[in-house]
Amino acid sequence: MVVLPYTVAFLLLSFLQTVKIANSQSFIGINYGQVADNLPPPSSTAKLLQSTSIQMVRLYGSDPAIIKALANTGIGIVIGTANGDIPGLASDPNFAKSWINTNVLPFYPASNIILITVGNEVMTSNDQNLMNKLLPAMQNVQNALNDASLGGKIKVSTVHSMGVLKQSEPPSSGSFDPSYGDLMKGLLEFNSANGSPFAINPYPYFAYRSDTRPETLAFCLFQPNAGRMDGNTKIKYMNMFDAQVDAVYSALNSMGFKNVEIVVAETGWPYKGDDNEVGPSIENAKAYNGNLIAHLRSLVGTPLMPGESVDTYLFAFYDEDLIKPGPGSERSSGLFKTGVTMVYDVGLSTSSQIQAPAAAPQPSPAAATTTTTTTTTTITSNSNSSTSTSTSTSTGTGTSTSTSTNTVNISIGSSSGSGSKVYLIRIFNLGLLYGFMGLSLICLFFYDLQI
């Protein structure tokens, strides 16, 4: 009995730490593209970031002004090499050392560089030369980090589109395209050996573009829907994001690499599009991003990876007006205007985490006409990259046929927006905390009586 007070104190501290982790935002990041001529100075962006709960930023390049502006903020920084640099990095170890000497050593550790991505969506680029040289390039960058005694501190990986999957539905049957063969296996072996993540770009928006039924929109926006059954696991999926991420997990598992961490390098929803585009609107963008953030904050995880949230980088920070021509939706995904104000509120500001409920789905393209913003962006913020919209649509487009279900996800709908969801989670945490404190006091009271 003499250890009772210490046991109670230990349990109380453990619970407090659990509550602290549950309220952490360390898994929410954002993509910061620069293909524009109207962006605010990096110092303004750094200040804006510090007023939000965003803890990670992904750059498609390695702009020294941005890296320097983020110094001493604690914000994790992902920097990237261009696809065009891959042949040089693969063939010349000295080029890799020079790249690290130029883009990492002058800034680290004041600037918290956490990951270097070698290229973007190379495996689905149809450029066999780049595909063959991707792994040697990654190895040389890793070796250069090791030589600088940073090998265990900064990770090296590459970013893939969902097109690397041959099958993604149902999620438990997810598998890589066998045409990548030993190339994909080599990349996964690299990830596993170096503890680096498998970075993927899942876009439920693209899935909806290929299946514009109202029930598909609700499934993609984390809103009330009938769910979709995985016939193998008897798990009912309640949103497309979880289905896509679990398909990637299954693909990794099928190759023997289930322990490789998954990072969502890009995901988002355009707030504006052309008149003939179905899906883009402020209502839908706010619903997707807001409900996704709430889902991540809940720490529910996915059905195959419960109890944790994958690091997820939202697309995108700003609109970018110099992106290649294409549909209007490809230039309209920024969460913030270049005047450093929000396009729409998804509860990222630390001064006001509670927001209005997310709007109901808006499948009509006419909804896009309600916006008054004039800034623009794209689904690919890198002139060296090519995000394929046609390869990200396969997951979750089937319908549920079974009645035997195991629902393991939270449905966040129009009746309770993402901000309200976060608010309820915090109330629940506080309730548990006060209840546990009361129980601890009761235990201490009876302990005193006994001694």
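In this predicted model, the side chains of Lys97 and Asp147 form a salt bridge, with 3.6 Å from N to O. The pair links distant parts of the chain. Lys97 sits in helix α5 (residues 93-103), Asp147 in helix α6 (residues 128-147), and 50 residues separate the partners.

The structure holds four salt bridges. Arg213 takes part in one with Asp211, at 2.8 Å from N to O. Arg213 also meets Glu215 in a salt bridge, here at 3.4 Å. Through shared partners, Asp211, Arg213 and Glu215 join into one network. Asp211 has 12% relative accessibility, so it counts as buried. Arg213, at 28%, counts as partly exposed. Glu215, at 42%, counts as partly exposed.

The largest nonpolar core has 99 residues. Which residues have the most contacts inside it? They are Val104 and Phe198. Helix α10 (residues 240-254) gives the most to this core, contributing nine residues. Val104 touches Ile79, Trp99, Ile113, Ile116, Leu150 and Ile154, leaving aside residues up to four places away in sequence. A second core is separate and has five residues. Among them are Val78, Leu115, Val263 and Tyr313.

Notes. Residues numbered from 1 in each chain as written. Predicted model: local features only at pLDDT ≥ 70, side-chain atom pairs only at ≥ 80, totals over all residues. Heavy atoms only, no water. Core = buried A, V, L, I, M, F, W, Y, C linked by side-chain atoms within 4.5 Å. Buried < 20%, exposed > 50% of the residue type's maximum accessible area, 1.4 Å probe, protein only. Helix = DSSP H or I, 4+ residues; strand = E, 2+ residues; numbered from the N terminus. Contact = heavy atoms within 4.5 Å.
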